[in-house]
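Subject: Structure for your files

Hello,

Here is the structure you will be working with. My notes on it follow below.

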Amino acid sequence: MNSRTSRRKWLLASGGTALAPAAAQIAKTDAGYRDVRKVRLWENTRKEFREAIDGGPLQLVIVPTGSTEQHNEHLAMINDTASVTLIAEQAALRMFPKVMVATPVPVGISPHWMDRKGTLTLTKETFLAVVYEICDSLKQHGVKNILILNGHGGNVRPLRDSLEEYRRRLGINVHFNSYWDAYTPEITRKYMESGKAPGHAAEFETSFAMAAFPERIHWEGVDYARMKGKFGIKDPAAEKQDEEFAKEAKLASTAKGEAMIGIAVDFAVKRVQSILAGA
Ligand SMILES: [Zn+2]
């Protein structure tokens, strides 16, 4: 097949007859790859969202709550928000088209890290009001089931303590979990050499980042010995703890991160399924 004519003939024979029906078949079975933007509420148009909720397939919305806070010397400050959003999106993709993910709450309750530069924090009252009003917005549009999925330790107690009040005031089905509720002591022991998850910027979070967003890890120039006493950390014991976390972070691997992410996604899918089943 050297000449242009014979190539055209071949293209017509193979592409013209074989490729077109195959493409139509793929569209019909609707399996395999799906663009993650489909499950992001904020990437949908109002038409798409309206059609999904008004008599459509959408049954539950996940509200991710994270933080923008120091993650030691080597991890980006968006770590918790990025992690929980990834788990929420992967779970929503598995439950497509029944589940969407609301715009994540990117700043949490982090006053304990304010002596580390860059950390942003909300007061408990402000944070709880923001989460409530997002849930209330969803309710006003007809969403009847919400899973608040958390990715930052400082948000846990306040959210857990507010759940009953949220339910009472909203009058809809609101549930709460942190994604690491997936990790039993057995799972943590099996995958984490440090025996800890989630911890803070240590083996677990660094493994997660290696598997999900390695571009947010920056070990270059990190030097705890040289910076000793110069981080601006008030409590010397807390500064020493940072160094311990950094040592544990060196145990991280992509494989550990992938395993732990998979377990958390399975957990989130099961939670959504049990909420929808009325459990
Ligand atoms: Zn974190």
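Among contacts in the chain between residues at least 6 apart in sequence, what percentage join residues at least 24 apart? The figure is 75%. Please bear in mind that this is a predicted model.

The chain has ten helices and four strands. Read from the N terminus, the order is α-α-β-α-β-α-β-α-β-α-α-α-α-α. Of its 279 residues, 37% count as buried.

On the core: the largest nonpolar core holds 61 residues, and Ile 62 and Ala 264 have the most contacts inside it. Helix 10 (residues 254-276) gives the most to this core, namely eight residues. Beyond its neighbours within four places in sequence, Ala 264 touches Ile 87, Tyr 179, Trp 180 and Ala 182.

On helix 3 (residues 79-94): 14 of its 16 residues are buried, so helix 3 is largely enclosed by the rest of the structure.

On helix packing: the axes of helix 7 (residues 203-212) and helix 10 come within 7 Å and cross at roughly 90°. Helix 7 is therefore roughly perpendicular to helix 10. Helix 7 makes the contact through Phe 204, Ser 207, Phe 208, Met 210, Ala 211 and Ala 212, and helix 10 through Thr 254, Lys 256, Gly 257, Glu 258, Met 260 and Ile 261. By class, that contact has seven nonpolar, three polar and two charged residues.

Regards

Definitions and conventions:
Residues are numbered from 1 along each chain as its sequence is written. This is a predicted model: local features need pLDDT of at least 70, side-chain atom pairs count only at pLDDT 80 or more; totals for chains, interfaces and linings use all residues. Helices (H or I, at least four residues) and strands (E, at least two) are DSSP runs, numbered from the N terminus. A residue is buried if 20 or more other C-beta atoms lie within 10 Å of its own, exposed if 12 or fewer, and partly exposed in between; C-beta atoms are placed from the backbone. Two residues are in contact if their C-beta atoms, placed from the backbone, lie within 7 Å. A nonpolar core is a set of buried Ala, Val, Leu, Ile, Met, Phe, Trp, Tyr and Cys residues joined through C-beta atoms within 7 Å. Axes are lines fitted to C-alpha atoms, for helices over the stretch in contact, and angles run from 0 to 180 degrees between N-to-C directions. Angles under 35 degrees count as roughly parallel, over 145 as roughly antiparallel, 65 to 115 as roughly perpendicular and the rest as oblique. Ala, Val, Leu, Ile, Met, Phe, Trp, Tyr, Cys and Pro count as nonpolar, Asp, Glu, Lys and Arg as charged, and the others, Gly among them, as polar.
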